[in-house]
Amino acid sequence: MTSERYIQLTNIHLILPSGALSALTSLYIDTNTGLICSPPSSSSGVDEILTIDLKGHWVSPGMIDIQINGAFGIDLSDFTDEKTYVDGFKKMSEGLCKIGVTGFLPTIISQTKENYHSILPLLGTLSSSTSLDSKERQSRSLGYHLEGPFIHPRKSGCHPTSNLITAPKGLHSLVETYGEDSFVRRNEDSLVKMITVAPDVEGILEVIPGLVERGWKVSLGHTNASTEQALQGVANGATLLTHLFNAMPPMHHREPGLIGLLGLPPTSSNGSIVKRPYFSIIADGIHVHPQAVCMAYNAHPDGCILVSDAMHMLDPSLADGVHPWRDQHIEKRNGGITLAGTDTLAGSILPLPQAVLNLSNSGIPLSKAVVCATYTPAKALGGEVENMIGLSVGCWADLCIWDGKGLKGVWKGGKEVWYEG
Ligand SMILES: [Zn+2]
């Protein structure tokens, strides 16, 4: 696109981690490294800088989706052979990048041991640091999210109940299930970025501290946990709640359960080790009522993470109607999918930018809604992801461009993917 080494995006407002907008400013990108850089020194020569006027638009880091099971026709939990899987993964990463999701955690729902042993080593390779470097026009796989199989059978959602298990042998049960590969650290980092477990499944409360020690972020979900078990989960090291409201008991004022954890004090006061967790939420207007989303956001705005929880039919270009899928027929209509001829939800097809807009339609400023799909998930994951996602010098030049109404453009690794000026 350009021969200049540096790009100056000018006439922009930055969306800051607080959700506030900066004064009009510029941002510099080094196209050699794909990173945000300081203004180049005058010795670089002016002709090495390409200036692009973004006409007062807003710039945020690229969005990251910490829970996505598939998209663009691909189901990440489906394995036939290595080549098909890797090709599908690439297709999905390209599709996500186009809609502004420049980083994601491929999420595998409860599988058989054999399937884990085929899929996870591949995901490890696809998420390793070399693929974190800029593969043009593809979303970065930031490590993976294991959702299940240590979840409660009565809150299994769309997970096959035949795959659900307990952990009577503690950590050993997890090593047997996922395979040794998931427990190996690469470059000081764990490839398992997140695991969703139910604290009311045998052996799980006890293994949480060991998982946290390995750098895994533990999220509680798909559970019937009592208030006490929920609190114990957080006390043992869990720092997130998976798709708040879905696959957990509704909140009762005398038994607030997992949802009630949002009522914990903002900071751990009086020496308590129990910290208020982050929570992910599916803001598609179908899985959770917009008022419930808004209530959760207002209870803990700094903890709110928008996720798609999408499956293979997430594809904005896919027409409404009935689509065959394996031995079923699934109907897409009004931004949702159901088993054809029924009202049974068949998963989510929520594009993450739409989740941002839906949250902002609940009266939350768009720039603050953007934070819930960018800075907040990065903070929840910590480590390299937190360090590299942002608008400071040294961060990945993965960017979303917004006006007051929605997404106007995407950059990935210092290269423009698209822009609608
Ligand atoms: Zn789930």
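Guide: UniProt positions are given here in the numbering of this chain, and such annotations may be inferred rather than shown by experiment. The model itself is predicted. With that in mind, the UniProt record, an unreviewed entry, marks Cys 158, Asn 246, Ala 247, Arg 254, His 287, Leu 345, Ala 346 and Gly 347 as "binding site". These positions span 190 residues of sequence and are spread in space as well, with C-alpha atoms up to 32.2 Å apart.

Another "binding site" annotation from the unreviewed UniProt entry covers Glu 147, His 222 and His 243. Here the sequence spread is 97 residues, yet the positions cluster in space, the largest C-alpha distance being 11.1 Å.

Apart from neighbours within four places in sequence, His 222 has contacts with Gly 148, Ile 151, His 152, Lys 155, Ser 156, Gly 157, His 159, Thr 196, Ala 198, Thr 242 and Ala 247. One of these contacts, Ala 247, is itself among the positions of the annotation that includes Cys 158.

His 243 is in the loop between strand 16 (240-241) and strand 17. His 243 has 24 C-beta neighbours inside 10 Å and therefore counts as buried. Leaving out residues up to four places away in sequence, His 243 touches Gly 221, Ser 280, Ile 281, Ile 282, Val 307 and Asp 309.

Now the spread set. His 287 is placed in the loop between strand 17 (278-281) and helix 7 (290-299). Its 20 other C-beta atoms within 10 Å are why His 287 is buried. Beyond four places in sequence, the contacts of His 287 are Asn 246, Ile 282 and Ser 348. Asn 246 is listed with His 287 in the record's annotation, and Ile 282 is also touched by His 243.

Ala 346 belongs to the loop between strand 21 (336-339) and helix 8 (352-361). Ala 346 counts as buried because it has 20 C-beta neighbours inside 10 Å.

Three strands form an open sheet in the order 19-20-21, with antiparallel pairing. Strand 19 (321-325) and strand 21 are its edges, each pairing on one side only. Ignoring direction, neighbouring strands of the sheet are turned by 30 degrees against each other on average. Strand 20 (residues 328-333) pairs with strand 19 over 5 bridges in the antiparallel sense, and within strand 20, Glu 331 stands opposite Val 322.

Next, the core. The largest nonpolar core has 123 residues, and those with the most contacts inside it are Val 59, Phe 279, Ile 281, Leu 306 and Leu 359. At least three residues of this core come from each of domain 1 (6-59 + 403-419) and domain 2 (63-388).

Finally, the domain arrangement. The domain assignment gives domain 1 (6-59 + 403-419) and domain 2 (63-388). Their C-alpha centres lie 30 Å apart, and 16 residues of domain 1 are in contact with 16 residues of domain 2. On the side of domain 1 that touches domain 2, strand 23 (407-412) and strand 24 (415-419) are the elements that give two or more residues.

Strand 1 (residues 6-14) has several partners. With strand 4 (residues 49-53) strand 1 pairs in parallel over 5 bridges, and Tyr 6 stands opposite Ile 49. With strand 2 (residues 25-30) the pairing is antiparallel over 6 bridges, and Thr 10 has Ser 26 as its bridge partner. Strand 5 (residues 58-61) runs parallel to strand 1 and is joined to it by 2 bridges. Val 59 in strand 5 stands opposite Leu 14, and Val 59 is among the residues with the most contacts inside the largest nonpolar core.

Definitions and conventions:
Residues are numbered from 1 along each chain as its sequence is written. This is a predicted model: local features need pLDDT of at least 70, side-chain atom pairs count only at pLDDT 80 or more; totals for chains, interfaces and linings use all residues. A nonpolar core is a set of buried Ala, Val, Leu, Ile, Met, Phe, Trp, Tyr and Cys residues joined through C-beta atoms within 7 Å. A residue is buried if 20 or more other C-beta atoms lie within 10 Å of its own, exposed if 12 or fewer, and partly exposed in between; C-beta atoms are placed from the backbone. Domain bounds come from an automatic or database domain assignment. Helices (H or I, at least four residues) and strands (E, at least two) are DSSP runs, numbered from the N terminus. Two residues are in contact if their C-beta atoms, placed from the backbone, lie within 7 Å. Two strands pair if DSSP finds at least two bridges between them. Axes are lines fitted to C-alpha atoms, for helices over the stretch in contact, and angles run from 0 to 180 degrees between N-to-C directions.
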